[in-house]
Amino acid sequence: MFTCTGYAAEAADQELAPFTFQRRDPGPKDVVIEILYCGVCHSDLHTVRNEWQNTLFPSLPGHEIVGRVQAVGTDVTRFKAGDIAAVGCMVDSCRTCPSCREGLEQYCEPGFTGTYNSPDKVLGGPTFGGYSSHIVVDDAFVLKVPANLDLAAAAPLLCAGITTYSPLRHWKAGPGKKVGIVGLGGLGHMGVKLAHAMGAEVVLFTTSASKVDDGLRLGADAVVLSTDPAAMAAHAESFDLIVDAVAAPHDINAYLALIKRDGTLVQVGAPDKPLPVSVFSVIWRRRNFAGSLIGGIAETQEMLDFCGEHGITADIEMISMDKIEDAYARMLKSDVKYRFVIDMATLPKAA
Ligand code: NAP
Ligand code: ZN
Ligand code: ZN
C-alpha cells in the first residue's frame with residue numbers, strides 16, 4: 001500500500017477536509033494515475049451529504065478524473081508511465097454477467113464497483129474517488145483522452161458527458177429528431193452540446209433567465225423558460241426525446257405533456273425525493289418515461305472519441321481543492337457555469 005492525500009467528509013453533517021489514506025500497490029493489470037483534474041458532479045454532493053441514504057463514510061467523492069500515468073502493472077500494454085489517462089464513474093464490475101458481456105457494465109447484475117462509495121474489494125472499506133492525489137484502477141476501466149482536448153475541460157466528459165451521450169444515442173438523437181434538455185447544469189450543458197453535434201433540433205428548458213443566451217451559444221436552437229406556461233405550451237406534444245438532468249424535485253408531468261406519440265422522457269437527474277407521474281401523462285400518446293445510468297466503458301471511450309472529433313469539452317470554472325464547499329453551495333443555487341473542476345495541484349501534500 002502507499003499513502004495518498006485527498007479531501008473527504010467523515011459524516012453527512014461535516015464539511016470535506018484534508019484526509020490521508022492508503023491505495024493498493026498496483027497488481028499486474030493496474031494503472032497508477034497521478035490525478036491532475038477532477039470534475040465536481042452533483043452526485044458528489046448528494047453522496048457526501050447522504051441524500052440518497054447509502055453513503056459509506058468516510059466519503060471521498062470525485063468520478064470525473066483526468067491524470068498522468070505514474071506506473072503500470074506487468075500485464076498492462078495500453079498505457080505506460082507519462083501517458084494521459086482518464087477514469088469515470090466505475091473502477092470494476094463482475095465482467096461475466098449478461099450486461100457486462102454486452103459492454104453495459106453500469107447495469108452489472110451483481111453491481112459494478114463505483115469509483116467512490118462502493119465496497120473496496122481489495123482493501124475493504126469504501127472506494128475513494130478523484131478528490132485525491134492518485135488512484136489505482138484496473139486497465140480495463142481506464143479511458144484515453146483525445147490529444148486535441150484540453151485536459152481540465154475534458155474531465156467532466158467522464159460523467160456529465162457519458163450520462164447524456166448514452167441516452168441520446170440509445171433513443172437515437174440525430175437529424176430529424178426534436179430533443180429537449182432540461183436543466184442547464186453540468187449534465188444539461190453537455191447534453192445540449194452533444195445533441196447539437198449529433199444533428200438533432202435541440203431545445204433547452206431552464207429555470208434561470210440568466211442562462212438563456214448561454215443555452216443558445218452552447219448549441220440549443222431554442223431556449224424555453226420553464227416557469228413561463230405559454231412558452232411551455234408552444235412546444236406541446238412535439239418532442240421525440242427529452243433528457244431531464246435536474247437535481248431537485250420538479251414537475252415532470254409538465255415535460256411529459258411535451259412528448260409526442262411514442263416519444264420518451266428519460267430521467268438522468270436523480271433528486272432524493274420521488275417525482276409524481278400522472279398516469280394520464282403516459283397513457284395519453286403512449287408515452288414512455290425512462291431512466292438511464294451513466295454509460296458502459298466502451299461507450300464512454302466512443303463518447304470521448306466523438307468529443308475529440310467534434311472538439312467538444314465542458315465549459316468549466318477551475319477551483320482549488322479548499323474551495324469545494326463554496327462550489328457545492330453555488331451548485332445548490334444553480335449557479336454553475338457549467339462545471340467546477342478541481343485543480344489537483346492545489347491539494348495539500350500531507351494532511
Ligand atoms: P448541476 O450542475 O447542479 O445542474 C442541475 C441543474 O438543474 C441546475 O443547474 C438547474 O438548471 C436545474 N435545477 C436545479 N434545481 C432545480 C429546481 N428546483 N427546479 C428545476 N430545475 C432545477 O447538477 P449535475 O451535476 O448536472 O447533475 C444533475 C443530476 O443528475 C443530479 O441529481 C445528479 O446526481 C444526477 N446524475 C445522474 C447520473 C446518472 O447516471 N443518471 C449521472 C450523473 C449525475 P437551470 O438553472 O437551467 O434550471
Ligand atoms: Zn457524476
Ligand atoms: Zn456484471
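Which aspartate does the side chain of arginine 95 meet in a salt bridge? The points below answer this and cover the rest of the predicted model.

1. Arginine 95 and the salt-bridge network. The side chain of arginine 95 meets that of aspartate 92 in a salt bridge, at 2.7 Å from N to O. Both residues belong to a network of salt bridges that links Asp92, Arg95, Lys121 and Asp138. Arginine 95 has a relative accessible area of 35% and is therefore partly exposed.

2. The zinc site. Four cysteines coordinate the zinc ion (ligand 3) through their SG atoms: Cys94, Cys97, Cys100 and Cys108, at 2.3 to 2.4 Å. Along the sequence these donor residues follow the spacing C-x2-C-x2-C-x7-C. The arrangement is tetrahedral because the 4 donor atoms around the zinc ion (ligand 3) subtend angles of 102 to 121°, and the criterion asks for all angles to lie between 85 and 135 degrees.

3. Buried means under 20% relative accessible area. Cysteine 97 therefore counts as buried, at 7%, and cysteine 100 likewise, at 8%.

4. Domain division. The protein chain is split into domain 1, made of 2-159 + 314-346, and domain 2, made of 160-291. Their centres, taken over C-alpha atoms, are separated by 27 Å. To the contact, domain 1 gives 15 residues and domain 2 gives 21 residues.

5. Area between the domains. About 1,400 Å² is buried between domain 1 and domain 2, and carbon and sulfur atoms give 49% of this. On the side of domain 1, Cys159, Asp315 and Tyr338 supply 40% of the area buried against domain 2, more than any other three residues.

6. Polar links between the domains. There are 15 residue pairs in polar contact between domain 1 and domain 2, with both residues at pLDDT 80 or more. The count of salt bridges between the two domains is 2. Aspartate 315, already named for its share of the buried area, forms a salt bridge with lysine 193 through their side chains, at 2.6 Å from N to O.

7. Other salt bridges. The structure holds 21 salt bridges. Among them is the pair of arginine 261 and aspartate 262, whose side chains meet at 2.8 Å, N to O. Arginine 261 counts as exposed because its relative accessibility is 55%, whereas aspartate 262, at 31%, is partly exposed. Another salt bridge joins the side chains of lysine 323 and aspartate 322, at 3.9 Å from N to O. Lysine 323 is partly exposed, with a relative accessible area of 38%, and aspartate 322 is partly exposed at 48%.

Methods
Residues are numbered from 1 along each chain as its sequence is written. Chains are lettered from A and ligands numbered from 1 in the order in which they are written. This is a predicted model: local features need pLDDT of at least 70, side-chain atom pairs count only at pLDDT 80 or more; totals for chains, interfaces and linings use all residues. Side-chain values use heavy atoms; hydrogens and water are left out. Donors are N, O and S atoms within 2.8 Å of the metal (3.2 Å for Na, K and Ca); water is not among the atoms, so sites may look incomplete. Four donors count as tetrahedral if all angles lie between 85 and 135 degrees; four count as square planar and six as octahedral if opposite donors are over 155 degrees apart and all others between 65 and 115; anything else is irregular. Buried means under 20% relative accessible area, exposed over 50%, partly exposed in between (1.4 Å probe, protein chains only). Domain bounds come from an automatic or database domain assignment. Contact means heavy atoms within 4.5 Å. Buried area is the accessible area (1.4 Å probe) that two parts lose on being put together, summed over both. A salt bridge is a side-chain nitrogen of Lys or Arg within 4 Å of a carboxyl oxygen of Asp or Glu. A polar contact is a pair of N or O atoms within 3.5 Å; within protein, one must be able to donate a hydrogen and the other to accept it, and residues adjacent in sequence count only if both atoms are side-chain atoms.
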